[in-house]
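Colleague: I am new to reading protein models, and I would like to learn how to describe one feature at a time. Could we look at this one together?

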Amino acid sequence: MILIVIDHADGAPRKSAYELVSLGRALTGDDGSLTALVAGDAPGAVAQEIARFVPRVLTVSAPELAPPRAETMTRAVAHAATTLGAEAVLVGASRFGLSYSPRVAMRLGAPLLEDVTALERDGDGYVAKRLSYLARVTETVAASAPTVVVSVKPGAAAAADPAASAGEVTELEVPFEPDDVRVGVASRRAATKGRVALEDADVVVAGGRGFGSAETFDDLVVGLADALGAGVGSTRAVVDAGWRPYGEQIGQTGKTVAPRLYLALAVSGAVQHLSGMNRSKVIVAVNKDADAPIFRVADYGIVGDVLEVVPALQEAVAGLD
Amino acid sequence: MKIVTILKQVPDAEARVRASGGTLDLSGATLVIDGMDEYGVEEALRIRERGMETEIVALACGPERAAEAIRTALAMGVDRAVHVVSDVTLDAVAMARVLAGVVQDEAPELVFVGGKQADWDSSALGPALAEALGWPHADWTTELTFEDGTITVTHDIDDGTETLTLPLPAVVTTQQGLNEPRYPTLPNIMKAKRKTLEARPLADVAAAAGAPADRATELRASEIEARSRRNVVLDGDAKTAATELVRRLRDEAKVL
Amino acid sequence: MIDFELSDEQKQIQSMARAFAREHVLPHAAAWDRETRYPEEVVEAAAELGLLNVGVPEAVGGLGLGMLDEIVIAEELAYACMGFYTILMASDLGLTPIVLAGTAEQQRRFLEPLTTQARLAAFALSEPDNGSDASGLRTQARFEGDEVVLDGTKMWISNGEQASVIVVFATVDVQSGHKGTVAVVVEGGTPGLEANPIHGKLGQRASPTAELVLRGVRVPSANVLGEVGDGFKIAMRTLDRTRVPVAAGSVGVAQRALDEAISYASTRQAFGGPITRFQAIQFKLADMKIGLETARWMTYRAAWLIDRGLPHTEASAIAKCYASDVAFKAAEEALHVHGGYGYVDEFPVGKLMRDVKLNQIYEGTNEIQRVVIARGLMR
């Protein structure tokens, strides 16, 4: 039995949830044992949506999960896995997923396959691909144990289509303990209100210091992103300069993205940055330095000044139907 | 107050990483203390410098040569260090089990771990260690303050930032933005010579912690990640190149 | 018997110096060169890390570092900017006579202040008409009561304008050759001392160079190092040591030249591929590597002799002469590998060549080094 944990926000599953469905179906051979866990203070709507895809949906509804914390999620997921005797627990490798899944593995005494880009059965166990050394190396890692915990990198599988018939939704009671809520959430601030979340974005427009100022960055990078319905990313230098928030930083210290299209504008391509985006399907680079390392990973490159090329791009994009 | 800061020695970001026959070759790479781990060392030093009497202990699990990274931390100002000498490349869960034993013996109020080290690209060590200890954790921390017995941290989450309060003891994973790590000064490098760096074999530490001295997962192969790219450079003035790019993204790559 | 490994502390020093050099020196080196700017704030930052005046003994507040420690730093800083390293190197040159020949009281008085703040020392030997021939000094020292009065002009004095401590070499009698020479410590700002910056240098423009004019400069005779007649010996013993950091700086430049050449050659395309495919390029790189490694080990050996307290005149002369020749050749070849781009200032190789030319000239020209070596052979 494979348990997939559904990552959700604002009453809807995140994109990665549908990818976990695909992966879970492949691993169970669609034998009807795939089970999804939806935990939250009001998981109903998300559970109904996921039931269109998965034969069995468990909901955990508890005030302890508002908002969810690493330790409350660990309790819920570990309890579900133990109760159901899950052979594998699949979690989306979002920041939050990466935060609680190691705890789940430790609690279950299970091996952890972390941030994997591919996952298959291998005899009694599983074999996965994952990146290491700032995404310059692909590792093949295997785990064999009664339960294996896996966090799955966004984009590792295609999003699933709905199943022929809707699954059954049942509620699961989880015995939370006082320590599970010892971490207090004082406040939350959304960084990218109204914009596509970077990890979910199909298109990412990222900019570097070459734009000269926060205003120009806003006009050109954010402007182009808006025109494309894209997420905005930036280099560490841009964040260090205070032009954009940390939440938009791409690379080793920031986010890892793998969109369908990544536009790197005045981004030189330091290895730390590349580690955060080199799995993008198509990469476009615009840089005035023809020797910039970004061109080595680019599908399409324009050698030129972003201050001239980006306005031209905005115009060309506006001409699309 | 006692703080343990966990370290890893990793290849320098500029280092060339090679692989052949499924095995990684780091022989030509310069190895340094992981940049993310340095934030933890720096934060511990700053806590002490703000006037709180603090003992700072560096803890690392790695091969013999990882002692160099530990010495960097000693030269930055850490008081002493424990080096679990291991020729096995442990995964995060296995390392957390081993290190939990040492941390329990040290009994600190706070443990710092780098948010994501540049060798295994894993952010699991901090949370796994916290779980092994039965402590709370906060990850990807960019701000940290103390108020009697608790800490308040601001950290990055998927859609923004979050401010948490944690009772001590706790594990905090660190990242860029928390502080600007100092260089070790020459006088401190010389002073570090006289500090204690205690080396303990993995087998002993693991036995004492009741943990296996081996990985929880099996590493079968490491290969250099290579993706073939089109590498097309579009010529012409800005307008021509931009128009051609948009056309190709739509018609050739089919991503628009 | 032979150990080619740096100690743990030396590795730490190396990685700290490297991190500092790559972050705070290298990115600015081109601008300092273009603007002929003395980067005072970066010298201060280096001092805060303990990289300035590393030769000050432990007894007077220094770290008691050896020559091997010093050259590990030298190579890293020179890799980033030889001109910047010359500021620090020249300060160590300036304080070395006091280390070698100063009394405990003189060391305390002149060296201790160099460890508490970013203060520079300078070494004033050369004169307008007299460079390598140190016995032909024309600057006059006259004893009057318990004071020494200095008159004359010193030329090519690195840090001459900035230094708080200057060791001035003079003679009590221009006719008496070595026997009349004297080394006198003059503090910066002493009345009668004037520093005129020298403009138009080919390279090493971050390092300030001055002409020092001494007009009736009075200092206590307690500022004399050793005795009258010791000046020449002190200067020679100083240079025997400080030629090793010059060699190490040259090694740093040679390493940079090789790295730049490899980096350019592996991206530059010609005839359908990177130019590293061609043996003409490969052989240049291999020759640079041969020179670099041999120069580095000779430099290490000279430093090792110094740290062991063994005779090192010949070894330091060989290291200085060989390493600076190797580095100049490496810079020239790196420039050539860059083709036309090497000839413009968009790439750093032109600066490497302009900078390292001076390493063949200062602290005894390479001809003088050969004289020193030959003299030892004929003895």
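Modeller: Let us begin with accessibility: a residue is called buried under 20% relative accessible area, exposed over 50%, and partly exposed in between, with a 1.4 Å probe and protein chains only. Please keep in mind that this is a predicted model, in which local features need pLDDT of at least 70, side-chain atom pairs count only at pLDDT 80 or more, and totals for chains, interfaces and linings use all residues. Residues are numbered from 1 along each chain as its sequence is written, chains are lettered from A and ligands numbered from 1 in the order in which they are written, and side-chain values use heavy atoms, with hydrogens and water left out.

Colleague: What is the relative accessible area of Glu35(C), and which residue forms a salt bridge with Glu35(C)?

Modeller: The general idea is that side chains of opposite charge can pair when their charged atoms come close. A salt bridge here is a side-chain nitrogen of Lys or Arg within 4 Å of a carboxyl oxygen of Asp or Glu. Glu35(C) is partly exposed because its relative accessible area is 48%, and its salt-bridge partner is Arg37(C), with the closest N and O atoms 4.0 Å apart. Arg37(C) has a relative accessibility of 31%, so Arg37(C) is partly exposed too.

Colleague: Where in chain C do Glu194(C) and Arg215(C) lie?

Modeller: For such questions we need helices (H or I, at least four residues) and strands (E, at least two), which are DSSP runs numbered from the N terminus. The side chains of Glu194(C) and Arg215(C) meet in a salt bridge at 2.9 Å, N to O. Glu194(C) is in strand 6 (residues 193-197) of chain C and Arg215(C) in strand 7 (residues 209-220) of chain C, so this pair ties together parts that are 21 residues apart in sequence. In chain B, salt bridges that share partners make one network, whose members include Arg230(B), Glu244(B) and Asp251(B). Over all chains, a search of the whole structure finds 64 salt bridges.

Colleague: Why are Asp240(A) and Arg236(A) separated by about one helical turn?

Modeller: They are separated by about one helical turn because they stand four residues apart in helix 6 (residues 236-240) of chain A.

Colleague: How many residues does helix 8 of chain C have, and what span does it reach?

Modeller: The expected span of a helix is 1.5 Å times one less than its number of residues. Helix 8 (residues 313-337) of chain C has 25 residues, and from its first C-alpha to its last it reaches 36 Å, close to the 36 Å expected. Just after helix 8 of chain C, Gly339(C) takes a positive phi of about 60 degrees.

Colleague: How many helices and strands are there in chain B?

Modeller: Chain B has seven helices and 15 strands. The C-alpha trace of chain B spans about 65 × 45 × 40 Å along its principal axes, and buried residues make up 58% of the 256 residues in chain B.

Colleague: Where is Ala163(A) found?

Modeller: Ala163(A) sits in the loop between strand 10 (148-152) and strand 11 (168-171) of chain A. With 32% relative accessibility, Ala163(A) counts as partly exposed.
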